[in-house]
Amino acid sequence: MLPKVFEKGSRLLKVDTETPITSDYKQLSESHRKSVISILSEMKNLVGKLKESINCIQLINNELATMYSSGSSIIQVEVKSFIDSTEGLSMKSLPMLENEIECCETYYKDLSKKFSHYRSNNYQDYYEQRFDVIDPCILLYMKLVIGLTGEKIGSFKKLLYDAVQDGLSIPKSYTLLASFKSICENRVGSLYLEKCLTDIGEERNIQFFRQAMLYNNITSPDVKEWVAKDVYETFICTGSSKELQLSQSIKKDITNNYAEAKYENLFNEAKNDIFELMERKEFFDLFKQSSYFKDLTHRLTALDDKQLLSKDIEMALKISMNDEIYVDVAKYLIPYNLVGFTDEFVTCGYTAPTLMGIISDKEIQRFATNSADVKRLQEFCQLAQKSMIEKSKTLTKEAITKVRSIQNNFIKYVESNNENVKNTLSFIEYIQTTPEDKMTISQILSRSEMAFIELKAKHHVAYRLLKKCDSVQEMQPILIQCQNALISILVDEHLEEYNKSLFWKPQFKKTSKRSERSSRSKMSKTPDLVQLNTSFSPSRRAFTPRVDGMEVLPSPRNLEEGSKRGKLLACISQSENDLRLTLEYYSRTFNQPEKQENKIEEISEFIKNNIQPKLTLMKENLCSIKSNEEYDKYKPTIEMLDNYISFIGDEIIYPQKPKTFIVKTNDLTLKDNLINNLNKLDIIEVSLNCILQKLSSLATNLRKGTTTIMKYANMIQHFSMSF
């Protein structure tokens, strides 16, 4: 069976492919469960053997300490040093891995009971999510093995960063699919989007966007430095493997700032530019029509009520539901007289036709208050499952009056485009924002009169009822009627122009672009990691969200503390903390020796802190010499300086005219020798300044990628030997 495709320019995008039938997913799920249990059993055996090995090592060390405490062994000192260095030897990952294995084992053994209650779609949901629980355990195992072998630390550092860049726990919520931005910023969402864009050769755009977004959230200087290098060499550097289509000005700014080690907000401008490019190319529409979007919905579907997010997690995710999302959902619901359910659809994340088709009967019963609404919602969902729902081209009056977010956007539109309704908008704002105890009868009557007269509706029934009230308390329900009446009148007058304006789209409300180049500041001195979870602090996390700096586990609703799932989630969180600390350690320990420019910096510091101060002191001493005996003491040093001058060769910068130094001796021959040597020192001093400039230029060129260390290898080696 051939995949369905649709054409976009000269490319073809996969829309749907042949997928396994339900029975296949059932078999695959059961097979995966058994494979994981087998792996966990082997890992459990490994942990037991390693614990025995540690105990054995400690026993041997104790006996060695006693044996080598006295006597005349030629390695006595070395043995004592070894025993001291391994005192309290333990593999810190072992308890963590042991705990993770236990949690995972319990989860996968219980799955066999859950499978017996699964419906057809549940197996596909599980199969798409099959790695969510086991991934943290496998990462801990990898860390343990690499720690034992001591190999490929550099590559594991990159793997760790990619794995824990924004957590390991994956909340089950369709709100992550609310907009193109929320998908791009979400790790799992961007993973499936990347698969989709790979089919049309555009995957580098989302890859860079994610890397740049996560780069901004790194607080550890050690991690930030090598990540900046990796992102620059992969996406920005001319001729790089995934070079982006950026303007020359943006690329030049990044290159210059990177060369000068100005890491703060290094990729912001490029990130925003790439996101706008993806929006212009309508990648969101392509993604929603592809099979990958459907796979993503299975990945984010809760397998049971215990996986549903609690309200504090929803808040911690901070997923922005902008006006455009509400308008888009409302347009799907308008033709079916369901626009009143727009808020419920958006809140639960049912923001696209594909998602609207998977609303359960249980969810419908929660939405609807009567049997007629239940029936209409069920019919709508059936049409969505068959991809047969229609979409209204325009908003209706009902949509604006019933959906608060759209109503607020409409009021902003009227406010920005019509100066003749200031009194009306002021009164609406007064009703919405002023507490009852702060209202007065006189203010209400005065404001309402100006508003209704302004709209030529002073005979409106709501206004007449308001004037008959004798107290603020009595006015409260009538005020709501007045507000609705005023908004209804405004909608009648401005609905057509509002629909044409597309005011709800973000680009129509953007202010002028601020140049981020002018606001860049020097990177703050971030203290080393002291507590858990300080290496990364994303402004909005797609996984394991935090509130006020504290990690919030995605605990299910009504979950009793100490339950199996609660323990599993706690294990995932602890593993994430451990892996993040490991990343910090690897970055701090193994990053520096890998830098080519380290030798250049070392030589520059040696010249500044050692050679130049000695030259200055020697010049002062030579000027103070009065006798040949004093001069003889400096002869060996001066001869060494002669050799040094011949060593640096072409780097010598000769002054155009020798200087006449003031010396204290009266001996003319000695005076000539001193002045001659002082001029030599002056030549060396000028040459050293020139060398420092060349070294600085070399470091900059290395960062820009316009040269290699080989070009200057001989010169650097030459300098090192002379020092």
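Reader: Which residues in α23 meet residues in α22?

Author: This is a predicted model, in which local features need pLDDT of at least 70, side-chain atom pairs count only at pLDDT 80 or more, and totals for chains, interfaces and linings use all residues. Residues are numbered from 1 along each chain as its sequence is written, and side-chain values use heavy atoms, with hydrogens and water left out. Helices (H or I, at least four residues) and strands (E, at least two) are DSSP runs, numbered from the N terminus, and contact means heavy atoms within 4.5 Å. On the α22 side stand Arg-404, Gln-407, Ile-411, Val-414 and Glu-415, and these meet, in α23, Leu-425, Ile-428 and Gln-432.

Reader: How many residues of the contact of α22 with α23 are nonpolar, polar and charged?

Author: Ala, Val, Leu, Ile, Met, Phe, Trp, Tyr, Cys and Pro count as nonpolar, Asp, Glu, Lys and Arg as charged, and the others, Gly among them, as polar. On this basis, the residues of the contact of α22 with α23 divide into four nonpolar, two polar and two charged.

Reader: At what angle do α22 and α23 pack?

Author: Two packed helices are described by the angle between their axes and the distance between the axes. Axes are lines fitted to C-alpha atoms, for helices over the stretch in contact, and angles run from 0 to 180 degrees between N-to-C directions. For helix α22 (residues 404-417) and α23, the axes are 11 Å apart and the packing angle is about 145 degrees.

Reader: Is the crossing of α22 and α23 left-handed or right-handed?

Author: A crossing is left-handed if the near helix is turned anticlockwise from the far one by less than a right angle, and right-handed if clockwise. The crossing of α22 and α23 is left-handed.

Reader: How are α23 and α24 oriented to each other?

Author: The axes of helix α23 (residues 422-433) and helix α24 (residues 441-454) come within 7 Å and cross at roughly 140 degrees. Angles under 35 degrees count as roughly parallel, over 145 as roughly antiparallel, 65 to 115 as roughly perpendicular and the rest as oblique. The two helices α23 and α24 are therefore oblique.

Reader: Which residues of α24 make the contact with α23?

Author: The crossing of α23 and α24 is left-handed. From α23, the contact takes Lys-422, Asn-423, Thr-424, Ser-426, Phe-427 and Tyr-430, and from α24 Gln-443, Ile-444, Arg-447, Ser-448, Met-450, Ala-451 and Glu-454.

Reader: How are α9 and α10 oriented to each other?

Author: Helix α9 (residues 203-216) and helix α10 (residues 221-236) have axes that come within 11 Å and cross at roughly 160 degrees. The crossing of α9 and α10 is left-handed. The pair α9 and α10 is therefore roughly antiparallel.

Reader: How many residues of α10 are buried?

Author: Buried means under 20% relative accessible area, exposed over 50%, and partly exposed in between (1.4 Å probe, protein chains only). The buried residues of α10 include Trp-226, Val-231, Tyr-232 and Phe-235. Helix α10 is largely enclosed by the rest of the structure, because the buried share of its 16 residues is twelve.

Reader: Which residues does Ile-254 touch, not counting residues up to four places away in sequence?

Author: Ile-254 lies in helix α11 (residues 248-259). With 2% relative accessibility, Ile-254 counts as buried. Leaving out residues up to four places away in sequence, Ile-254 touches Tyr-232, Ile-236, Leu-266, Phe-267 and Ala-270.

Reader: Is Asn-265 partly exposed or buried?

Author: Asn-265 is found in the loop between α11 and α12 (268-280), and its phi is near 55 degrees, a positive value in a residue other than glycine. Most residues other than glycine have a negative phi. With a relative accessible area of 24%, Asn-265 is partly exposed.

Reader: Is Ser-387 buried or exposed?

Author: Ser-387 lies in the loop between α20 (371-385) and α21 (397-402). Although Ser-387 is not a glycine, it has a positive phi of about 55 degrees. At 66% relative accessibility, Ser-387 counts as exposed.

Reader: How far apart are the C-alpha atoms of Ile-603 and Leu-695?

Author: Ile-603 is placed in helix α29 (residues 598-624) and, at 3% relative accessibility, counts as buried. Ile-603 and Leu-695 are 92 residues apart along the chain, and their C-alpha atoms are separated by 8.5 Å.

Reader: What percentage of the residues of the protein chain count as buried?

Author: The protein chain has 32 helices and four strands. Of its 723 residues, the share that counts as buried is 46%.
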